[in-house]
Amino acid sequence: MADEPAVEATGLEKSYGRVRVLAGVDLEVARGSVFSLLGPNGAGKTTIVRILSTLVRPDAGRVRVAGFDAVRERREVRRRVSLTGQYAALDGQQTGEENLRMMGRLCGLPRRRARERAGELLERFGLEGAARRRAGTYSGGMRRRLDIAAGLVGRPEVVFLDEPTTGLDPRSRQTMWELVTELAGAGTTVFLTTQYLEEADRLADRIALLDAGRVVAEGTAADLKRRVADRRLDLTLAGAGAYGRVAGLLGERVVHREPDRLVLGVPTDGSAAHVRALLDEADPHRDAVTRFAVREATLDDVFLALTGRAATRTGEKESARV
């Protein structure tokens with residue numbers, strides 16, 4: 001059992017009417033790891049989370065979570081997982097402590113143990129000072145922390161976090177990142193979907209890139225970046241005409257485009273010889289490029305190279321049907 005993946009999905013398919021959302025998805029998540037699912041809007045990320053957390057049945061495929069079949073053994077799976085989305089599912093009229101004690105009772109804990117567990121989690125998440133304040137008065141970051149704490153009352157083996165830091169300020173996002181790292185360090189498996197590439201880059205042991213209902217790439221952040229290039233040469237062009245001309249010369253090798261800033265990026269090994277050759281090719285008359293910089297490849301480059309578009313920064317709009 002200890003060697004079995006925390007999450008294993010094979011051949012997942014799902015359609016809503018004539019719209020095919022998942023077209024044969026395979027995933028495997030090791031126990032005690034942080035796994036991140038990235039993809040453009042409508043790629044199928046939220047649908048996968050709903051299937052893995054037993055809220056939606058797949059049309060086809062096999063799903064096992066925490067060692068149990070997510071379709072035939074839904075009750076067993078639900079006892080071992082928690083799900084937190086981008087909107088906190090709390091009772092704003094109750095205090096933070098009351099929310100956690102209520103969740104403990106719903107999980108079957110005796111009254112005394114529910115109170116003790118609430119105290120443990122309030123301290124762990126830095127909320128003991130606000131324990132007796134109504135949750136409706138909490139800041140966005142505090143509500144998100146309380147929401148995750150509520151999901152941990154029953155000590156789940158797998159925690160699904162569906163875009164948990166959307167809308168948070170930088171400090172609250174940093175706090176959430178520290179909490180995710182702590183969860184994984186304690187042996188909890190974290191399945192994370194996010195619209196922030198930096199988040200996946202920093203937190204995930206492995207990343208899967210989903211596009212049009214299919215996994216188009218999977219690996220560590222370093223693995224994915226190497227599929228594009230270890231480094232990228234960014235060229236700042238003199239004007240719109242120069243931008244179009246250089247884009248035409250470099251063609252499909254362009255992995256990064258910022259037309260508003262007149263910047264194009266192409267893969268490079270970072271050596272002086274290769275950078276010089278690219279500059280000579282892109283700007284043979286030496287009147288198009290005003291500046292250049294060599295930088296590390298990013299997950300944004302991977303997005304563009306593998307999906308044909310840059311990563312999105314808005315929430316995904318998939319069908320909400322259950």
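Mentor: What follows goes from the overall picture to the sheets and then to some helices.

Trainee: What kind of model is this, and how are residues numbered?

Mentor: This is a predicted model, in which local features need pLDDT of at least 70 and side-chain atom pairs count only at pLDDT 80 or more, while totals for chains, interfaces and linings use all residues. Residues are numbered from 1 along each chain as its sequence is written, and side-chain values use heavy atoms, with hydrogens and water left out.

Trainee: OK. How many helices and strands does the protein have?

Mentor: The secondary structure comes to 11 helices and 14 strands. Both are DSSP runs numbered from the N terminus: helices are H or I with at least four residues, strands are E with at least two.

Trainee: And what box do the C-alpha atoms fill?

Mentor: Roughly 80 × 45 × 35 Å, taken along the principal axes.

Trainee: How much of the protein is buried?

Mentor: Buried residues make up 51% of the 322 residues. Buried means under 20% relative accessible area, exposed means over 50%, and partly exposed is in between, with a 1.4 Å probe and protein chains only.

Trainee: What share of the contacts comes from residues 24 or more positions apart?

Mentor: Among contacts with a separation of 6 or more, such residues account for 69%. A contact means heavy atoms within 4.5 Å.

Trainee: Sheets next. What is the strand order in the open sheet of 6 strands?

Mentor: The order is S6-S7-S8-S3-S9-S10, and the pairing is mixed. Its edge strands are S6 (81–84) and S10 (214–219), each pairing on one side only. From one strand to the next, the twist averages 15°. Two strands pair if DSSP finds at least two bridges between them.

Trainee: How do S6 and S7 pair?

Mentor: S6 and S7 (residues 158–162) pair in the parallel sense, over 4 bridges. Leu83 has Phe160 in S7 as its bridge partner, and Val81 has Val158.

Trainee: What about S7 and S8?

Mentor: S7 and S8 run parallel and are joined by 5 bridges. Leu161 stands opposite Leu192 in S8.

Trainee: Is S7 mostly covered or mostly uncovered?

Mentor: S7 is mostly covered, with 5 of its 5 residues buried. Val158, Phe160 and Asp162 point one way from the strand, and Val159 and Leu161 point the other way.

Trainee: Which helices lie across this sheet?

Mentor: Helix H6 (residues 170–185) lies across S3 (34–38), S7 and S8 (189–193), running at about 145° to S8. Helix H11 (residues 299–307) lies across S3, S9 (206–211) and S10, at about 35° to S9. Axes are lines fitted to C-alpha atoms, for helices over the stretch in contact, and angles run from 0 to 180 degrees between N-to-C directions.

Trainee: What unit do S7, H6 and S8 make?

Mentor: S7, H6 and S8 make a right-handed β-α-β unit. Right-handed here means that, with the strands pointing away from the viewer, the path from the first strand over the helix to the second runs clockwise.

Trainee: Now the open sheet of 4 strands. What order does it have?

Mentor: S12-S13-S11-S14, with antiparallel pairing. S12 (256–258) and S14 (289–296) are the edge strands, each pairing on one side only. The twist averages 20° from one strand to the next. Helix H10 (residues 272–282) packs on the sheet, touching S11 (231–237), S13 and S14, and its direction makes about 135° with that of S13. H11 lies across S11, S12 and S14, running at about 100° to S12.

Trainee: Last topic, helix pairs. How do H3 and H5 sit?

Mentor: The axes of H3 (residues 96–106) and H5 (residues 140–151) come within 9 Å and cross at roughly 20°. They are therefore roughly parallel to each other; angles under 35 degrees count as roughly parallel, over 145 as roughly antiparallel, 65 to 115 as roughly perpendicular and the rest as oblique. Gly96, Leu100 and Met103 in H3 meet Leu146, Ala149 and Ala150 in H5.

Trainee: And H3 with H4?

Mentor: The axes of H3 and H4 (residues 111–124) come within 8 Å and cross at roughly 130°, so H3 and H4 are oblique to each other. Residues of H3 that meet H4 include Gly96, Glu97 and Leu100.
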